[in-house]
Amino acid sequence: MKPLNKKKVIVLSSSMLVIFAIIIIIFYNSSDKKIFLDFNNDGKIGISDVTQVSSKIGQKCHKCPEDLNNDQIIDSEDLSIIMFEYQKQIH
Ligand SMILES: [Ca+2]
Ligand SMILES: [Ca+2]
């Protein structure tokens with residue numbers, strides 16, 4: 001394989017990754033975030049949903065629903081995401 005072709009393959013696969021990421025973002029934005037963050041399925045983001053995230057702060061986990069920014073750890077960033085959504089609801 002020529003070095004140029006190899007480079008092309010890398011560029012092509014990385015641009016495919018970008019497209020894939022965009023599709024995920026579109027899908028995530030089009031789906032109802034409120035239901036996504038509603039862990040106890042009572043139809044709203046309540047204090048119990050916020051508590052569920054805060055009670056797991058510091059936990060490393062893979063594909064946990066509470067890991068809202070998907071960085072494999074539940075921390076203050078995830079808590080601020082749900083707090084933001086919670087405050088939007090109560091105002
Ligand atoms: Ca809820
Ligand atoms: Ca996280």
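In the protein chain, residues 24 or more positions apart account for 31% of the contacts with a separation of 6 or more; two residues are in contact if their C-beta atoms, placed from the backbone, lie within 7 Å. The structure is a predicted model, in which local features need pLDDT of at least 70 and side-chain atom pairs count only at pLDDT 80 or more, while totals for chains, interfaces and linings use all residues. Residues are numbered from 1 along each chain as its sequence is written, and chains are lettered from A and ligands numbered from 1 in the order in which they are written.

The average pLDDT of the protein chain is 86, and 88% of the residues score at least 70; pLDDT is the predictor's confidence in each residue, from 0 to 100. Among the elements of the chain, the lowest mean pLDDT, 63, belongs to helix H2 (residues 33-37), and the highest, 95, to H3.

The secondary structure consists of four helices and zero strands, in the order α-α-α-α from the N terminus. Helices (H or I, at least four residues) and strands (E, at least two) are DSSP runs, numbered from the N terminus.

Of the 91 residues of the chain, 9% count as buried. A residue is buried if 20 or more other C-beta atoms lie within 10 Å of its own, exposed if 12 or fewer, and partly exposed in between. The largest nonpolar core has five residues, namely Leu 37, Ile 45, Val 53, Ile 74 and Ile 82. A nonpolar core is a set of buried Ala, Val, Leu, Ile, Met, Phe, Trp, Tyr and Cys residues joined through C-beta atoms within 7 Å. Leaving aside neighbours within four places in sequence, Val 53 is in contact with Glu 66, Ile 74, Asp 78, Leu 79 and Ile 82.

H3 and H4 pack at an angle of about 175 degrees, and their axes are 9 Å apart. Axes are lines fitted to C-alpha atoms, for helices over the stretch in contact, and angles run from 0 to 180 degrees between N-to-C directions. The two helices, H3 and H4, are therefore roughly antiparallel to each other, a term for angles over 145 degrees. On the H3 side, the contact is made by Asp 49, Val 50, Val 53 and Ser 54, and on the H4 side by Asp 78, Leu 79, Ile 82, Met 83 and Tyr 86. By class, this contact of H3 with H4 has six nonpolar, one polar and two charged residues. Ala, Val, Leu, Ile, Met, Phe, Trp, Tyr, Cys and Pro count as nonpolar, Asp, Glu, Lys and Arg as charged, and the others, Gly among them, as polar.

Pro 65 lies in the loop between helix H3 (47-54) and helix H4 (76-90). Pro 65 is partly exposed, because 13 other C-beta atoms lie within 10 Å. Ile 81, found in helix H4, also counts as partly exposed, with 15 C-beta neighbours inside 10 Å. Leaving aside neighbours within four places in sequence, Ile 81 is in contact with Leu 68 and Asn 69.

Two C-alpha distances are listed below.

| Residue pair | Separation in sequence | C-alpha to C-alpha distance |
|---|---|---|
| Pro 65 and Val 53 | twelve residues | 9.0 Å |
| Ile 81 and Asn 69 | twelve residues | 8.3 Å |

Most residues other than glycine have a negative phi. Asn 41, however, has a positive phi near 55 degrees; Asn 41 lies in the loop between H2 and H3 and is exposed, with 8 other C-beta atoms within 10 Å. Gln 72 likewise has a positive phi, near 70 degrees. Gln 72 is in the loop between H3 and H4 and is exposed, with 12 other C-beta atoms within 10 Å.

Methods. Parallel < 35°, antiparallel > 145°, perpendicular 65-115°, else oblique.
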